[in-house]
Amino acid sequence: MSTPNCAARGMAETLVLGAGIVGVCTALALQVRGHAVTLIDRKAPGQETSFGNACIIQSEAVEPYPMPLAPRALWAIATGRGNDVRWSLRGLMAQAGPLIGYARHSRPAAHARAIAVYRRLIPDACKAHAPLIRAAGADDLIRRDGYLELFRSAQGFDGGQVMAARFRDRYGVGARVLDGAELRALEPSVTADLPGAVHWTDSWTVTDPAQLTARYAGALTSRGGRILQGDAMALHRVGAAWRLEGPTPVQAEHAVVAMGPWSAPMVARYGLRVPLLLKRGYHRHLRPERMPHRPLADLENGIVLSPTRDGLRLCSGADLSARPAADPVQLRVGMRAASELLGPMSAAAGPIWTGRRPCMPDMLPVVGAVPGQPGLWAQFGHGHHGLTLAAVTADILADQMDGGETWPELSPARLMG
Ligand SMILES: Cc1cc2nc3c(=O)[nH]c(=O)nc-3n(C[C@H](O)[C@H](O)[C@H](O)COP(=O)(O)OP(=O)(O)OC[C@H]3O[C@@H](n4cnc5c(N)ncnc54)[C@H](O)[C@@H]3O)c2cc1C
């Protein structure tokens, strides 16, 4: 059902399909610009991928993660020696096209093009979240003191120092190198004797990402936006408008597809074929004796440990197997690694969570008009950085929908032909 008083006031009726962090931020950005927004999800806001992430708004992530192509890294993945990527042959075959595209885009020249775009997005990641955090009264969920990347070997630490200097000098990212003693002074929960760490100081962290999404959604409704439960696949065109059937039918001038990992089948109906690569991840919560103050990334073991309201969240890297594991080896290895860092600990009660990162082979989200479909907009494919990029890409899309700047590098048109 359309809202007649909005139409009378000349506000665009807009449907946002998907109430993950990306959809909710987009709904807020559109609402601020005067759209009458209805947000649709089959669940409550923030209950899928945006529920389970590692909680970091990554202001340092100027270089999106390429596929490791060095022979040693590929060998470690192939032989299952690393813990950051797992796979099965059936899983690889099922996603062969996107994986080949990802390998192609991971070569240095193509990766440099992705970095050039990230350099424009990342500096605004926290800035774009700030007004939403304020409007949602969510300051109690946010920390603004960065996270730590830990190094276990002297060789790893040498590489970390080089990377920190490069990121500081080239991108202006806040990075402090800590030796072992400085690390223990800043983060006494780390009892392992490590050579050092890099403190990425500009990143913000969230103690409950699902709650952050829910609070943002609360800000939307408190300003007159609507959230309806429904199946986005029931969308269809009626003349120049979009209509979503359901218990409360909605008709709108614009429809934004923000369905995270479920977006590709939706836009395929409208002629846009998207090679979305779904990288599964897992988490479970742990009960350490002493909770760290900020997230700890132990990338040599393929894990991130984030303090949350439910305990210490152990997040895995990517699993490219065909099916989710009931007892993922990445979490078992991760739990051992966590105990080495912080001392013995038990797992908190509760199920293992799993979700899939919606990644694009070129490492860039898909943001903009769907070609040949007036009033249909894409806003998905944020991959490893959906929490980070949700608010900044929401502003980009909302500006574009109101006739502002287009970003060809992010546009769905790049996928045509
Ligand atoms: C283990 C892990 C760790 C991560 N860590 C970080 C991190 O530290 N920092 C960071 O920036 N990012 C991180 N990410 C990535 C980030 O979580 C995702 O990029 C982000 O959550 C994607 O948000 P989204 O809104 O696009 O998707 P989702 O949160 O999945 O939202 C999509 C919504 O669409 C809805 N939907 C789907 N189909 C339908 C339908 N037919 N009808 C109605 N509704 C539908 C779903 O119910 C869902 O609510 C991590 C991801 C994982 C898996």
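Colleague: Which side chain meets that of Arg184 in a salt bridge?

Modeller: In general, side chains of opposite charge can pair when their charged atoms come close. In this model, which is predicted, Arg184 pairs with Asp193, with 3.5 Å from N to O. Arg184 is partly exposed, at 33% relative accessible area, whereas Asp193 is exposed, at 68%.

Colleague: How many salt bridges are there by this rule?

Modeller: The count comes to 19 salt bridges. To decide whether a pair belongs in the count, look for a side-chain nitrogen of Lys or Arg within 4 Å of a carboxyl oxygen of Asp or Glu.

Colleague: Which residue forms a salt bridge with Asp298, and how far apart are the closest N and O atoms?

Modeller: The partner of Asp298 is Arg152, and the closest N and O atoms are 2.9 Å apart. This pair links distant parts of the chain, for the two residues are 146 residues apart. Asp298 belongs to strand β16 (residues 296–298), while Arg152 sits in the loop between β6 (147–151) and α8 (154–171).

Colleague: Is Asp298 buried or exposed?

Modeller: Buried means under 20% relative accessible area, so Asp298, at 1%, counts as buried. Arg152, at 25%, counts as partly exposed.

Colleague: Where do Arg294 and Glu187 lie, given that their side chains meet in a salt bridge?

Modeller: The N to O distance for Arg294 and Glu187 is 3.2 Å. Arg294 lies in the loop between β15 (277–287) and β16, and Glu187 in the loop between α9 (180–186) and β8 (196–200), so the pair ties together parts 107 residues apart in sequence. Arg294 and Glu187 are both buried.

Colleague: Let us turn to nonpolar residues. How many residues are in the largest nonpolar core, and which have the most contacts inside it?

Modeller: In soluble globular proteins, nonpolar side chains tend to be buried together. Here the largest nonpolar core has 79 residues, and those with the most contacts inside it are Val16, Ile21, Cys25, Leu212 and Tyr216. Helix α13 (residues 386–401) gives the most to this core, with 10 residues. Domain 1 (4–50 + 210–275 + 361–415) and domain 2 (147–200) both contribute residues, so the core lies between them. A second, separate core has 27 residues, among them Leu244, Val257, Val274 and Val366.

Colleague: How many Å separate the centres of domain 1 and domain 2?

Modeller: Taken over C-alpha atoms, the two centres are separated by 38 Å.

Colleague: What does Tyr216 touch, not counting residues up to four places away in sequence?

Modeller: Tyr216 touches Ile21, Val24, Cys25, Leu28, His129, Leu132, Ile133 and Ala136.

Colleague: Where is Leu15 found, and what is its relative accessible area?

Modeller: Leu15 is in strand β1 (residues 13–17). Leu15 is buried, with a relative accessible area of 0%. Not counting residues up to four places away in sequence, the contacts of Leu15 include Thr38, Ile40, Leu235, Leu244 and Val250.

Colleague: Which residues form a nonpolar patch on the surface?

Modeller: Trp87, Leu89 and Met93 form this patch, with about 340 Å² of accessible area together. Trp87 is in strand β4 (residues 85–87). Trp87 is partly exposed, with a relative accessible area of 33%.

Colleague: Finally, the backbone. What is the phi of Cys55, and what is that of Met363?

Modeller: Cys55 has a positive phi of about 75°, although it is not a glycine. Met363, also a residue other than glycine, has a positive phi near 70°. Cys55 lies in the loop between β2 (36–41) and β3 (56–57), and Met363 in the loop between β21 (353–359) and β22 (366–369). In relative accessibility, Cys55 is buried at 1%, and Met363 counts as buried at 9%.

Methods. Residues are numbered from 1 along each chain as its sequence is written. This is a predicted model: local features need pLDDT of at least 70, side-chain atom pairs count only at pLDDT 80 or more; totals for chains, interfaces and linings use all residues. Side-chain values use heavy atoms; hydrogens and water are left out. A nonpolar core is a set of buried Ala, Val, Leu, Ile, Met, Phe, Trp, Tyr and Cys residues joined through side-chain atoms within 4.5 Å. Buried means under 20% relative accessible area, exposed over 50%, partly exposed in between (1.4 Å probe, protein chains only). Helices (H or I, at least four residues) and strands (E, at least two) are DSSP runs, numbered from the N terminus. Domain bounds come from an automatic or database domain assignment. Contact means heavy atoms within 4.5 Å. Patches are made of residues with over 30% relative accessible area and no salt bridge: like charges are joined within 9 Å, nonpolar side chains (Val, Leu, Ile, Met, Phe, Trp, Tyr) within 5 Å. Accessible areas come from the Shrake-Rupley method with a 1.4 Å probe; for residues, only the protein chains shown count as cover.
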